[in-house]
Amino acid sequence: MKVSYYPGCTLKSNAKNFEDSTLCALRELGVDVKELSRWNCCGTVYSLTTDDLMRHLASIRNLIRVKEEQADSVMTLCAMCYNTLKRVNERIKADPESLQKIHKFMDEEKIAYQGDVKVRHLLELLKEDVQFETIGKKVKKPLGNLKVASYYGCLLVRPKEIGLDDMENPTILDDLAVVLGAEAVDFPFKTECCGAYQTVDKPEIIADRTYQILTAAQNRGAEIVSVSCPLCAFNLDHRQKETSKKYSGFKRIPILYFTQLLAIAMGCQEKDLRLDLHYVNPGPLLKEKGLI
Amino acid sequence: MRTNLSKKKIEDDFVKKIEEISGQKLLACYQCGKCSAGCPAVGEMDILPNQVIRYAQLGLKDELLEAKSVWVCASCYTCNVRCPKGIKIAEVMEAVRQVLLRKRRDHVEVPKLSEEEKACVPAIALISNFRKFTS
């Protein structure tokens, strides 16, 4: 199975642990991943205005790059890239007038893009193409009932036309965790916003959200929280520093990408997990459980 | 709080501009408050999401443009997906921000952010923040 892969900016820096763990796990699963030879930032957030088409160009250029490589779909890992690329794609398909304007503006591009690339998240590929049952059969190191609370955040599940699971009660990450041998811990804050980009100018808000979200997961017995977005990962992991300062009773908890759990189960090496990029070190817990 | 309502304000271009930029019909809102009930950011807001819509319906331009709430909203879409009338509240929040940003009134002043802070946060945070909060 071959897939075109769009990484996005943060997967190459702060979220290298997300990328490396994914690439190793997919290798083990027999998926041939081909990174686009050229790509640019997707824009990170989808513009909510009716009249500002300029903001959609970054995403469209990436979709043109996919077409140039003769692919008809592209896989993303980052929830923000997934949401932005997919919404822009849907928007131009539904609005031929805007598409015309965009074509006129991007007349240096050789392809007049028509919205015909399918934007997919890794989770869709794992569930629909590889299939969870097959993944279960290929598990080399079961997760030993590690208690995992899956945090979905916003952009994987909202809005409805983009989301890859139920908006209010998604379970896809939990289902995958169970297949890998973990114990899924359901908790009420799994789709509550972490504060996202407010982390730049209002980090105190993130400390409050991180406290609420992680304490709720811990109250349900979670040993780790798994995520699918590099911005959620930064807020929930690195902002635990600020959270500890603000809330004296706060207990730190490791945050892992769901792909790091997948990589462990598929028998990848510790180097593929890039645990050095974490603020709260998951190493001791994973060692204690015999997972690394 | 005393609020002065007037036909002039309701018919002001400001209301039309918010409707145009957001693509939403403000009068569809009947103030059920479901958006505010589910919003994770209300704790930091000065006026609630349903009040943002109400102020916009009534053309309370100065009050809206001074409100902290639109800058606390992180476009998480919880309000949008729960609104029984299908109003996209996050789009209205964006329209209010855009009215100010299009006059080059940035919410985040990039030169004022410390080097330490800029170095610590990932690219995804900086780019999304600047796209939402600067012109």
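This is a predicted model: local features need pLDDT of at least 70, side-chain atom pairs count only at pLDDT 80 or more; totals for chains, interfaces and linings use all residues.
**Chain B, domains**

I started with chain B and found that the C-alpha centres of its domain 1 and domain 2 lie 25 Å apart. Domain 1 of chain B covers 7–103 and domain 2 covers 108–135; bounds like these come from an automatic or database domain assignment.

Residues are numbered from 1 along each chain as its sequence is written, and chains are lettered from A and ligands numbered from 1 in the order in which they are written.

**Val108(B)**

I then looked up Val108(B), which sits in the loop between H8 and helix H9 (115–120) of chain B. Helices here are DSSP runs of H or I with at least four residues, strands are runs of E with at least two, and both are numbered from the N terminus.

Setting aside neighbours within four places in sequence, I listed the contacts of Val108(B) as Val200(A), Asp201(A), Asn129(B), Phe130(B), Phe133(B) and Thr134(B). A contact is two residues whose C-beta atoms, placed from the backbone, lie within 7 Å. I also checked Pro122(B), 14 residues from Val108(B) along the chain; their C-alpha atoms are separated by 17 Å.

**Chain B against chain A**

How many residues does each chain put into the contact? Chain B gives 29 residues and chain A gives 32 residues. On the chain B side I found helix H2 (13–22), helix H7 (78–82), helix H8 (89–101) and helix H10 (123–133), each with at least two residues. H10(B) has the largest share, nine residues. By type, this side of chain B splits into 17 nonpolar, six polar and six charged.

**Chain A, domains**

Chain A divides into domain 1 (2–122) and domain 2 (132–288), with C-alpha centres 24 Å apart. I got 23 residues from domain 1 of chain A and 26 residues from domain 2 of chain A in their contact. On the domain 1 side, the elements giving two or more residues are helix H1 (16–28) and H3 of chain A. H1(A) gives the most there, nine residues. That side of domain 1 of chain A counts 10 nonpolar, seven polar and six charged residues.

**Sheet E2-E1-E3-E4**

I traced an open, parallel sheet of four strands in chain A, in the order E2-E1-E3-E4. Two strands pair if DSSP finds at least two bridges between them. Strand E2 (32–35) and strand E4 (118–121) of chain A are the edges, each pairing on one side only. The twist averages 40 degrees from one strand to the next; axes are lines fitted to C-alpha atoms, for helices over the stretch in contact, and angles run from 0 to 180 degrees between N-to-C directions.

Helix H3 (residues 79–94) of chain A packs on this sheet, touching E1, strand E3 (73–76) and E4 of chain A, and its direction makes about 160 degrees with that of E4(A).

Next I went through the pairs. Strand E1 (residues 2–6) of chain A pairs with E2(A) over four bridges, and Lys2(A) has Asp32(A) as its bridge partner in E2(A). E1(A) and E3(A) are joined by two bridges, with Tyr6(A) partnered by Thr76(A) in E3(A). Four bridges link E3(A) and E4(A), where Thr76(A) stands opposite His121(A).

**Sheet E6-E5-E7-E8**

Another open sheet of four strands in chain A runs E6-E5-E7-E8, again with parallel pairing. Strand E6 (183–184) and strand E8 (255–257) of chain A each have a single partner strand, so one side of each is left without a neighbour in the sheet. Strand E7 (residues 224–227) of chain A pairs with E8(A) over three bridges, and Val227(A) stands opposite Tyr257(A).

Definitions and conventions: Ala, Val, Leu, Ile, Met, Phe, Trp, Tyr, Cys and Pro count as nonpolar, Asp, Glu, Lys and Arg as charged, and the others, Gly among them, as polar.
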